[in-house]
Every structure is written in structure tokens, then in C-alpha cells.
Amino acid sequence: MSVLLQTGKVYLLRKQFNNIFSKCIFYRKKSDVSRKFVTFDEIVALRRAEARRSLVVQVNSESSFNELHGYCSKYASINDIHHYRNSGGEHFMLIEFNSEENLKDVLKSCSSHQKDVDVMGVQSPFLWFRASSGVREKYEQSIKQLAVKDGSKSVNEEVLYEELLNCDSVSDQIQMLYDRTVLNDIGVRLRYMVARQLEVVFSSLYANIRVQPFGSSVNGFGRMGCDLDLVLSNNLDEHNLISFVTQSSQKHRLVYQEKKSEGARSPSQRHMELLGALLELRVPGAGRVQRILNARVPIVKYSHELADVDCDLCCNNTSGVYMSELLWALGALDARVRPLTGAVRSWARAVALTNAHPGRWLTNFPLTLLVLFFLQQKQSGPILPSLNYLISLAGKEDIRVAEENLNCTFLRDLNKLPTDSYSQNDDDLQTLLFKFFEFYSQFEFQDKAISINEGRAIRKPNSLPLYVVNPLEQSLNVSRNVSYEECERLRLEVRNAAWHLESCLDGHKSDDWGILGLVEQKSSRGLKKLLRVGNSHRLVSVKDLFKDNDDVEPSTEGIRSKMEKFKKVDKLTDTNKEKKSEMRFKNSQTAREVFRIRRNKLI
Ligand code: GTP
Ligand code: MG
């Protein structure tokens, strides 16, 4: 950012960029004044530079701020310090220094590692702050404050649902759901730090190493806590394999001797095996390493305990990054795309159409393509252009070729896009969500395929139940795993959702009105709904729902009528407490849910 800082004017981006990326302030040359959109490459460069001058330091608590700030300021000037806790409750400070040079000075000052025979020191941007020994140094109170405290804490769902309940319109609910759950600044910073750590640790093993996040961490559709997809590549030219082969390589006369992979097994699998071992042995914070080597793209999964992120690492899968760039660009074109997609993703998770584990069901990626495709429909004015249109406008600077000569060329700079090719209707988010469900309740899944390249349905080339064309490799179906039953469930659930939203149009706000009835987990929805009492929507005490005598057989009476009874009893709280304690649950699943809620102290 500092380079950009020197060159010119400050631009706060429009509200439509009100997300992880756009919360940054961008600095551009004066000649760029008319530009409305920033490119994906600009954002990535900014985040990578930020990571190169940042460190993550484990501390005792947020009150370590002053001491850490004072100590580090002795070596280098600090831009900002962000505090977060991981799920183990440990405290960390992400420090952004003024320059990469500054950070090198700090690293030179680091003491060696623990003098433990089993531990071999390794350089990485993850450190810890040792308590001072002997006389404690005194640091003046810093004028700076923590930039953020407890920054990676996810929103409390119950609080969020209460807020959603109090919104004025479904559109407001959708926007609020997005604002409260979108991957925030520290979430993005930490993901780039995890990528940076691999670059630092592996840099002498892989020349020109570049480890880049892709998927929802960077494509603008990520939520707090989303996984981190990482790709390790070591191309001399970052972007263009063609130019690497034809031009750039000719300029470089000194060439690295290479190590060819020996042995019968596939070199890519062996590399992934090696990366798995290195992660286990040499990467601080990396744990629970799993190798998935027989997949089309072999990956190593691991959990980064210091950054609190689950990671999927693969090699040389640049097309994944270009795919993220495409999704990012389409999401940036219109302010409604990301909140709408967020609502659809939340709904799909709640009705169990999607699932984090691979299987015969839909995943977030094809689901996102379904939303983008819907927004390309021309009936009431398209909100997004087709990919073919973006390809037709591409120039020389947009040429990208990924592995296996996959052409990933499309217009990158959206400022060049004619303004009448996008945002061509004024539908609010509520209308769009309703139309999305309606559109797919009528979609002819048995004959038609979804293609964001065309922006219109095309004939299905085979009889797989759901066909979503891979935008960058059109001969592939990104939903090939989806079973007939799951596709049928999709059709059923979109109809249910359309029906639910339509029933909200009468203006009556029940306690699952609007988006609430769509995004609360089905398993707990009924229960939570019943636990909200009257207009105050307060939750009743769960312990009151159980009989003191635990070995009594569960009653067969319906939960609804029991809750009704309970509500009546609740009104008489002061006068007749015993009646309350007669509450029993019909089935163990409900009881478990109540226990879960009680355990989480939500009530
Ligand atoms: P969540 O992780 O669920 O939040 O979403 P995600 O978009 O990150 O999806 P996922 O982690 O499953 O995949 C990461 C990225 O890999 C996606 O964003 C796509 O760019 C790419 N990807 C996922 N599935 C496929 C597929 O079937 N084919 C291809 N070519 N790319 C895929
Ligand atoms: Mg992902």
C-alpha cells in the first residue's frame, strides 16, 4: 500500500464494495480518476504486500498490546496491530509494519528457538512474545490503539437472528446477514499470512515460489470461518505461461539446474506427499495433516491452529485462481450480487442442500454459479453480463493460460465494460431472492444445462441430473457429483423457499418471517422458533423445559402443543412454577438440541 500511497489521491470505493476488499482505501494515480472498479490483481498485490510486512505474534492477552507495541517500536515503525483469538482461546496480535525492510529488522532481533533437542528452529512469520526476564522494561502508553480487538470472533447466531427479526424489510435482512457474516479484514489478512508462511518456509525448496489463496477466501463470497484454498506454484512468470515459454525465458540466460523426479510414482503425488511431511515437521501451527492424493487435483488438507483456519493446499492449479478472479469480478459488478449469493448459500446450508464434506450433494461453488446465471437472465434486464461477452472484450493484457493450455482469458478491467451491459434492473434484494427461487422452481433441469458462458440455458450434453458448465473448461460439469435425489431436493427446496417468501408478502411478521425462515438450521428452527415468546422474542429458560426426574419416559405429546402449554405456564411463572417443570421432549434429537443451546449459554 505504501507504494500506492506515494503516487496520489485517496479514493474510498462506492458502497457496493463494502466488503473485505473494499474496506481498504485505494490510492491511485491521478490519471486513473475515472476508474470505478479495482481489478482482482490489484487487490491481490495489495494483500500480498501487506502480508510481507506483517507478523503474527502470540501474546498473553489483549493487554499485552502496550508492551508489544513498545518492544517492536524499538526496531521498526508499526502501521497497525490487530488482535484476535483462536478457537483454543489463545491470544494473537497481527502486526503490520511500515515496510518489508522494517520487518526484516524485527526478524533479525528475534531470539533463537527453544533449546529443545527435538525442536529445530524454522523461520516463519508466526512468533510468540516471551515474558521479560529480570527487570521489566517500562514502555510509555502508546498513542496508538489496537486496530481491532477479538477481530476473528464470529457473530453470535442468536444475536444475529434477533437483529434479523427486527429488520424492516427482507432486503434489509439479506443485507444485514451479509454484512454480519462476510469474511472480514483480519480474516483476509490471516489467510494471506498463512500463504506467506508457506512461501517463507519453502522458499529454498521451490524457486520463485508463490503461494496464493483462492476460492471463497478471495472471491468475495467468503464467510467468517470459511476454509482456505491455497495453490503453490513456482512459475517464473506469474500470469502467462505462453509469454513464459515464448518471450521471458529467452531473456534469462542463467537457468536453475532442476531436480527431475525419479521413481515410478506420479511426480505430482510425490510432491504432495513431501509437502504433507514438511507441513507436519516444519510449519509451525500446521496440524491434522491429511493427504488426498488420488483426486483429480491432489491436495493436502491441514488445520492451521495459530490462525484458526482449515486449509486445502494444492500445486500448480492456476485455473482455480482464475476462477476466483472471475467470480470476484462478477461479484464486484453490482452491489446486490454478493449479499444475494450469501443469502442463497446460507439457505442451502440450512436446508442441508450443501455440505462441507464432499459427496453426492451440491457444494458452494456450483451453487454460486447458479446465482450468477440467474442474474444474467434477460427477462427483466440483466444484472450481469455473460462470460462470453467478457471474453469478447478481452485485450492482449487479459490473456491468461493455465496448466494444460487452459485458456482463461476474459476482460479483467471492468471499467472498460459498457455500462448498459450490467445492472439493468432495479429489483431490490427481496425481489431478486424470490425470483431466484421462482426461476429454479421452473427450470428444466432434466433437459437444460446452466452456462454462465452463454448466460442462457443450453442443451444438456448428457443425462447427469444437474449440469453446471465449468466456465473455464466448458467440457466439464462442476456438479457431476450431484445425485438425482439431491437434484430433486433442490427443486423441492426452491419451491418451498419461494412459497415461504411469498407468504411474507402480506406484511405480517411472524417469528420466522423473511430470511429467518430460510437460513435457520432446519433441525433447530422449530425449537428456536417456539422458544421465542411473544413480541419481545425473548428466549425462555431451557432448564425449565425439563422434568427434574430424568428417567421418566419421554412423552409422546407433540412438541408444539407442549410448547404452547409451556408458554401459558410461563405467563403464570410466579404463581405456579411446578407446572413448568413438567415439560418433556418428544424425541432425543430435540432434547440434544436443547442441551446444545444450554451448553452454549445462548439462553
Ligand atoms: P467454500 O469453501 O464452500 O466457502 O467455497 P469455495 O468457493 O471456496 O469452494 P471450494 O473450497 O469447494 O473450492 C475452491 C475453489 O475451487 C472454487 O472457488 C473454485 O474456483 C474451484 N472449484 C471448486 N469445485 C470445482 C470444480 O468442480 N471444478 C473446478 N474446475 N473448480 C472447482
Ligand atoms: Mg473453499
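Tyr440 is buried, at a relative accessible area of 1% (buried means under 20%, exposed over 50%, partly exposed in between, with a 1.4 Å probe and protein chains only). Phe443 is buried too, at 8%. This is a predicted model, where local features need pLDDT of at least 70 and side-chain atom pairs count only at pLDDT 80 or more, while totals for chains, interfaces and linings use all residues. Residues are numbered from 1 along each chain as its sequence is written, chains are lettered from A and ligands numbered from 1 in the order written, and side-chain values use heavy atoms, without hydrogens and water.

Now for the rings. The whole structure holds 18 aromatic pairs (rings of Phe, Tyr and Trp, the last by its six-membered ring, with centres within 6.5 Å; planes under 30 degrees apart are stacked, over 60 edge-to-face, the rest tilted). Phe436 and Phe437 make an edge-to-face pair, 5.4 Å centre to centre with 70° between the planes. Tyr440 and Phe443 pair up as well, tilted, at 5.7 Å and 50°.

On to ligand 1. It has 15 residues around it, and Ser216, Asp227, Asp229, Asn364 and Asn470 are the closest (near means a heavy atom within 4 Å). A polar side-chain atom of Ser216 comes 2.8 Å from a ligand 1 oxygen atom, while one from Asn470 lies 2.9 Å from a nitrogen atom of ligand 1.

Definitions and conventions. Polar contact = N/O pair within 3.5 Å; in protein donor to acceptor, adjacent residues only side chain to side chain.
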